[in-house]
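Please open the coordinates in a viewer and keep the selection panel at hand. The stops below are arranged so that each selection leads to the next.

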Amino acid sequence: MSSLENTTEVTQFILLGLTSSPELQIPLFLMFTLIYLINVLGNLGMIVLIFLDSCLHTPMYFFLSNLSLVDLCYSSAVTPTVLVSLLTGNSVISYNACAAQMFIFAAFVTVENFLLASMAYDRYVVVVVVMCPVCKPLHYTTTMTTGRCACLATVSYLCGFINSSIHTGNTFRLSFCVFSVVHHFFCDVPAVMVLSCSDRHVSEMVLVFVATFVIFFAFLVILTSYLFIFVTILKMHSAEGYQKTLSTCASHFTAVSIFYGTIIFMYAQPTSSHSMDADKVASVFYTMIISMLSPLVYSVRNKEVKRAFKKIVEKAKLFLGLTS
């Protein structure tokens, strides 16, 4: 009888959240609210800026606008739930809402994975084709055409939603115990899968295999692109060309290092070996911090973005009649 009760259909999960200390909830709520506001303003601002300034209608900024959209989507799938939980203490999430959150988050994180690979290919074309000792600037426009950029972005989204469908379906086909408590602040795949009362060995293997393939396939594209870029840099004899190449790739390389370092730590291991506390810290980083840092990483030292921003500000002042 107890075995039958333990496998009764689950209608909701309880998220343990980030902390059980009441005195930390308000400070954390204020901190994450600020982070989320910066995230929303930064990523929406980047999308609007790229849309309004025709000088930014290039392959690099096309991918960057999609990256900002993806960052905004996957952080918005998680952060509002965390804020509500910290403010109200309500940590219950319905079965369907949990599945939806998992699907949206996994989909857009995977899309970002492939967008970063597409951007690495774009940087490869810029450096190896355009900035190499034997320059072929016209080859860039014939290689990174509008159609090819759209195709790379579309494939990234398709792969993201297919990958997410596999993981979400693979997780929620399992049976869960009554009063399932998720040792996390959102419905992440390993944290929910570990609650299953049924045999999850096959599901774990599918998670590890698919996640590892997805991560390392995109990472291999990035690694190969940067290997060619590095070889091209070694062939350069001018300090100016060397500095220009580094500045061209620095922002993307920084974003890649942060993103993949966290993702590999999180998913390239079986769920049985996960430390949920360590996962929470890593998850805060890639669900909230990375998506907030992304617009900053791509704009702080980017002269084109700064110029476009100044142009938009001047137009806004002119429109509002604030110019002297």
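**Conventions**

This is a predicted model, in which local features need pLDDT of at least 70 and side-chain atom pairs count only at pLDDT 80 or more, while totals for chains, interfaces and linings use all residues. Residues are numbered from 1 along each chain as its sequence is written, and side-chain values use heavy atoms, with hydrogens and water left out.

**Whole chain**

Begin with a cartoon of the protein, which has twelve helices and three strands. Both kinds of element are DSSP runs numbered from the N terminus: helices are H or I with at least four residues, strands are E with at least two. Next, display the surface: the accessible area is about 16,300 Å², and 71% of it belongs to carbon and sulfur atoms. Such areas come from the Shrake-Rupley method with a 1.4 Å probe, and for residues only the protein chains shown count as cover. Of the 324 residues, 47% are buried; buried means under 20% relative accessible area, exposed means over 50%, and partly exposed lies in between. Among contacts (heavy atoms within 4.5 Å) between residues at least 6 apart in sequence, 79% join residues at least 24 apart.

**The sheet**

Select the three strands, which form an open sheet of mixed pairing in the order β2-β1-β3. Strands β2 and β3 are the edges, each pairing on one side only. Two strands pair if DSSP finds at least two bridges between them. Strand β1 (residues 12–15) is joined by three bridges to the antiparallel β2 (residues 92–94), and two bridges join β1 to the parallel β3 (residues 181–182).

Now show the side chains of β1. In a regular strand, side chains alternate between the two faces of the sheet. Phe 13 and Leu 15 lie on the covered face of β1, Gln 12 and Ile 14 on the uncovered one.

**Aromatic pairs**

Which residues join Phe 13 in a cluster linked by ring pairs? Select Tyr 95, Phe 172 and Phe 176 together with Phe 13. Rings of Phe, Tyr and Trp (its six-membered ring) pair if their centres lie within 6.5 Å; planes under 30 degrees apart count as stacked, over 60 as edge-to-face and the rest as tilted. The count by this rule is 19 aromatic pairs. One of them, Phe 13 with Phe 172, is edge-to-face, at 6.4 Å centre to centre with 80° between the planes. This pair links distant parts of the chain, since Phe 13 is in strand β1 and Phe 172 in helix α7 (residues 146–172), 159 residues apart. Phe 13 counts as buried because its relative accessibility is 0%, and Phe 172 is buried at 13%.

Move to Tyr 74 and Phe 105, an edge-to-face pair at 5.8 Å centre to centre, with 90° between the planes. Tyr 74 lies in helix α3 (residues 59–76) and Phe 105 in helix α5 (residues 95–130), so this pair ties together parts 31 residues apart in sequence. Both Tyr 74 and Phe 105 are buried.

**Salt bridges**

The whole structure holds four salt bridges, each a side-chain nitrogen of Lys or Arg within 4 Å of a carboxyl oxygen of Asp or Glu. Select Lys 311 and Asp 53, whose side chains meet at 3.7 Å, N to O. Lys 311 lies in helix α12 (residues 303–320) and Asp 53 in the loop between α2 (22–52) and α3, so the pair ties together parts 258 residues apart in sequence. Lys 311 is partly exposed at 31% relative accessibility, whereas Asp 53 is buried at 2%.

Continue to Glu 204 and Arg 200, with their closest N and O atoms 3.1 Å apart. Glu 204 is buried at 8%, while Arg 200 is partly exposed at 21%.

**Final stop**

Select Thr 143 in helix α6 (residues 137–143). Is Thr 143 buried or exposed? Thr 143 is buried, because its relative accessible area is 19%. Not counting residues up to four places away in sequence, Thr 143 touches Tyr 121, Val 125 and Arg 148.

Notes:
Buried < 20%, exposed > 50% of the residue type's maximum accessible area, 1.4 Å probe, protein only.
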